[in-house]
Amino acid sequence: MHLLNLGILAHVDAGKTSLTERLLYHAGVIDELGSVDAGSTRTDTLALERRRGITIKAAVVSFPVDGITVNLIDTPGHPDFIAEVERVLGVLDGAVLVVSAVEGVQAQTRVLMRTLRRLGIPTLVFVNKTDRRGARPEAVLRELTERLAVPVVAMGTVTAPGTPAAAFTPEDPAPDVLADHDDTLLAAYVDGTLTPARVRAALRAQAHRGVVHPVYAGSAATGAGVPELVAGIKELLPPAAGDPDGPLSGTVFKVERGPAGEKIAYARLFSGTLRVRDRIGADDARSKVTAVSVFGDGTDTRAEAVPAGRIARLWGLTDARVGDSLGTPRPGHGRFFAPPTLETVVVPGPGTDRRALHLALTRLAEQDPLIGLRHDEVRAETSVSLYGEVQKEVLQATLADDHGLAVTFRETTPLCLERPAGTGAAAEFIKKGDHPFLATVGLRVEPAPPGTGVTFGLEVELGAMPYAFFKAVEDTVRETLSQGLHGWRVTDCAVTMTHSGYWPRQSHAHQGFDKSMSSTGYDFRGLTPLVLVDALRRAGTRVHEPMHRFRLEAPADTLGALLPVLAALDAVPDTTRTEGARCVLEGVVPAARAHALEQRIPGLTRGEGEWESAFDHYAPVAGGAVPERPRTDRNPLDRKEYLLNVTGRVGG
């Protein structure tokens with residue numbers, strides 16, 4: 001069967017979900033068009049989505065087109081839910097990027113197109129809302145070329161734009177853009193032997209490879225241009241590939257809970273066939289697939305197996321998390337967007353049970369791996385990592401609607417990290433000093449290049465003591481570095497074990513093993529944090545805050561009002577240029593200031609400013625107090641407190 005797994009992507013409010021409804025209606029899957037405003041669309045199934053009129057969770061629907069089964073995935077458009085988009089991109093065969101004919105290319109449009117190009121996902125563009133007042137399809141076509149800087153091929157023209165009678169008239173594609181990527185086509189173009197059939201074949205080949213992007217236009221509201229788009233989806237996007245007889249390989253891209261609380265995993269299979277009763281996972285944690293449903297003909301239906309190329313819902317995978325691989329992992333598949341850079345503390349409301357709240361947050365994090373939970377047992381607080389304020393509002397409403405839990409939040413703060421400022425070393429030995437641990441541990445901490453994370457190495461012989469003790473040290477090092485000298489995660493550092501020692505298994509005469517005379521993993525796990533923070537103190541750490549790269553386009557005569565505000569909020573433009581009556585500023589701003597600055601832009605630019613920002617890098621905190629984060633561990637920074645917490649006594 002010819003299959004196509006298709007993603008619909010766009011900036012918020014460009015009309016993605018409305019286009020999805022129109023495609024389903026055109027295919028005969030639904031008899032009546034749903035409305036985003038009325039909360040009656042097929043893909044916005046969450047009550048919160050219907051109430052707010054935005055897509056929050058990716059949804060899968062299916063429709064047939066002339067013998068082709070299209071599994072269509074509607075994705076969120078708001079930047080706060082970019083994690084949902086990220087996990088969908090890894091399962092797509094092709095995409096339709098929706099752009100509004102009124103607003104044109106917007107911030108999220110650029111982010112999405114850059115990512116689609118980087119991943120080589122074949123993409124069509126649909127210029128929507130041509131029937132709306134102010135529609136400017138010709139200008140938007142130029143914006144696609146100039147502001148997105150990608151090769152686009154117009155597939156027709158719009159008549160009567162900006163009126164309910166707006167229509168899309170298909171035309172033969174011009175060969176000039178195609179000739180830039182095909183020397184034989186260029187030669188035929190120059191010598192006058194080019195035929196429409198040859199141009200069409202080149203268009204199909206280049207679109208399949210994601211080299212060029214055919215552009216259609218119309219209106220999801222009236223249906224104009226939709227039949228032509230459907231024809232383009234069939235002709236210009238490649239079908240799903242995969243060998244059903246090959247080794248099993250798939251990806252979980254969504255997890256939800258069923259009516260009875262059972263876990264349901266959405267997965268795309270790239271190779272092999274997964275059957276009911278098959279077992280998935282590592283040998284020590286294998287789960288049995290208890291039921292399967294595959295998408296097709298407008299819905300998902302129960303099946304005994306799911307072959308390569310298909311998208312399915314799977315029951316029985318109790319430990320499944322978003323991003324998990326089924327069988328052999330796909331090479332090169334990883335994160336496409338930046339991780340969240342903000343954090344907030346969840347505050348339970350009156351009558352809200354803290355244990356129930358922790359369970360609910362754990363389940364939500366299970367569905368969204370980028371919702372990082374951090375539980376502070378001492379203060380009985382839970383923090384969550386976020387992309388922005390809208391995501392915080394949605395989390396609050398989800399906890400209230402789905403779990404009956406009332407919560408508020410503390411002020412959102414940037415999620416910083418620490419990096420070693422220099423090199424430091426420390427060591428502690430068995431029966432020397434005030435610690436009670438039967439272990440010798442020496443560690444050296446050094447800076448490593450940005451992006452390398454934490455590496456662990458040995459300067460002692462691997463056979464100097466049981467491997468389990470080395471493993472205990474390494475695992476504890478990584479765990480301890482989740483909170484540095486200022487409470488932030490320590491990264492981009494190399495930790496080397498320089499000293500090791502243990503007491504072998506010993507016993508009193510005629511008695512069994514005596515752990516008071518023999519080293520255990522407990523000793524190494526207990527001593528390592530003390531040695532590591534001592535080495536960190538000697539190396540020193542520098543707190544880095546997340547920085548966003550911004551692009552601001554505004555009327556040139558507002559520049560005088562903008563610059564002082566940018567300076568006050570620590571935004572530093574590194575390029576400023578004028579394009580006609582408008583100016584474009586690009587630079588960096590601390591993530592903590594980006595939201596406040598974005599809110600000021602409309603008032604400073606008469607509502608004509610266009611702002612976009614995204615995480616770019618971490619930079620040392622400049623000036624002012626160094627931000628501190630409360631610790632949630634046993635605080636090895638305070639030796640007496642740590643020993644009391646771990647052993648029940650202060651020292652040896």
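Author: Gladly, and let us begin with one residue. Val-230 touches Leu-23, His-26 and Val-65, not counting residues up to four places away in sequence. Please keep in mind that this is a predicted model.

Reader: What makes those count as touching Val-230?

Author: Contact means heavy atoms within 4.5 Å, and Leu-23, His-26 and Val-65 are the residues that Val-230 touches once neighbours up to four places away in sequence are set aside. Leu-23 is 207 residues from Val-230 along the chain, while their C-alpha atoms are separated by 7.7 Å.

Reader: Why is Val-230 called buried?

Author: The relative accessible area of Val-230 is 7%. Buried means under 20%, so Val-230 is buried. Val-230 has its place in helix 9, which covers residues 226-236.

Reader: And how do you know whether Leu-186 is buried, partly exposed or exposed?

Author: Leu-186 has a relative accessible area of 37%. Leu-186 is found in helix 7, residues 183-191. From Pro-175, Leu-186 is eleven residues away in sequence and 8.4 Å away in space, C-alpha to C-alpha.

Reader: How much of the chain counts as buried?

Author: Of its 652 residues, 52% count as buried. The accessible surface of the chain is about 28600 Å², and 51% of that belongs to carbon and sulfur atoms. The chain has 16 helices and 34 strands. Among contacts with a separation of 6 or more, 72% join residues 24 or more positions apart.

Reader: What makes strand 18 mostly covered?

Author: Strand 18 runs over residues 311-315, and five of its five residues are buried. On one side are Ile-311, Arg-313 and Trp-315, and on the other are Ala-312 and Leu-314; both faces are covered. In a regular strand the side chains alternate between the two faces of the sheet.

Reader: How do you know which strands pair with strand 18?

Author: Pairing needs at least two bridges. Strand 11 (residues 263-271) has five with strand 18, in the antiparallel sense, and Ala-267 has Ala-312 as its bridge partner. Strand 15 (residues 291-296) has four with strand 18, also antiparallel; here Ala-291 is partnered by Trp-315. Both counts meet the requirement, so both are pairs.

Reader: Which sheet do these strands belong to?

Author: They belong to an open sheet of six strands in the order 16-15-18-11-10-19, with antiparallel pairing. Strand 16 (299-303) and strand 19 (325-327) are the edge strands, each pairing on one side only. Neighbouring strands in this sheet are turned by 35 degrees against each other on average, direction ignored. Strand 10 (residues 249-257) and strand 11 are antiparallel partners over eight bridges, and Gly-250 stands opposite Leu-269.

Reader: Why are strand 26 and strand 28 said to stand at the edges of their sheet?

Author: That open sheet has four strands in the order 26-27-30-28, with mixed pairing. Strand 26 (424-428) and strand 28 (454-458) each have a single partner strand, so one side of each is left without a neighbour in the sheet. On average, neighbouring strands there are turned by 20 degrees against each other, direction ignored. Strand 27 (residues 439-447) and strand 30 (residues 493-502) pair in the antiparallel sense over nine bridges. Helix 12 (residues 467-480) lies across strand 27, strand 28 and strand 30, at about 155 degrees to strand 28.

Reader: Cys-493 is in strand 30, I see, as the bridge partner of Pro-447. Is Cys-493 buried or exposed?

Author: Cys-493 has a relative accessible area of 0%, and Cys-583 has 1%. Each value is under 20%, so both cysteines are buried.

Reader: How many disulfides are there?

Author: The count comes to zero. A disulfide would need a pair of cysteine sulfur atoms within 2.5 Å.

Reader: Which residues touch the most other members of the largest nonpolar core?

Author: In that core of 71 residues, they are Leu-6, Leu-19, Val-96 and Leu-144. Beyond its neighbours within four places in sequence, Leu-144 is in contact with residues including Val-99, Val-125 and Val-215. Another core, of 30 residues, lies apart, with Val-445 and Leu-643 among them.

Technical notes. Residues numbered from 1 in each chain as written. Predicted model: local features only at pLDDT ≥ 70, side-chain atom pairs only at ≥ 80, totals over all residues. Heavy atoms only, no water. Buried < 20%, exposed > 50% of the residue type's maximum accessible area, 1.4 Å probe, protein only. Helix = DSSP H or I, 4+ residues; strand = E, 2+ residues; numbered from the N terminus. Axes fitted to C-alpha atoms, helices over the stretch in contact; angles between N-to-C directions. Core = buried A, V, L, I, M, F, W, Y, C linked by side-chain atoms within 4.5 Å. Areas by Shrake-Rupley, 256 points an atom, 1.4 Å probe, with all protein chains shown as cover.
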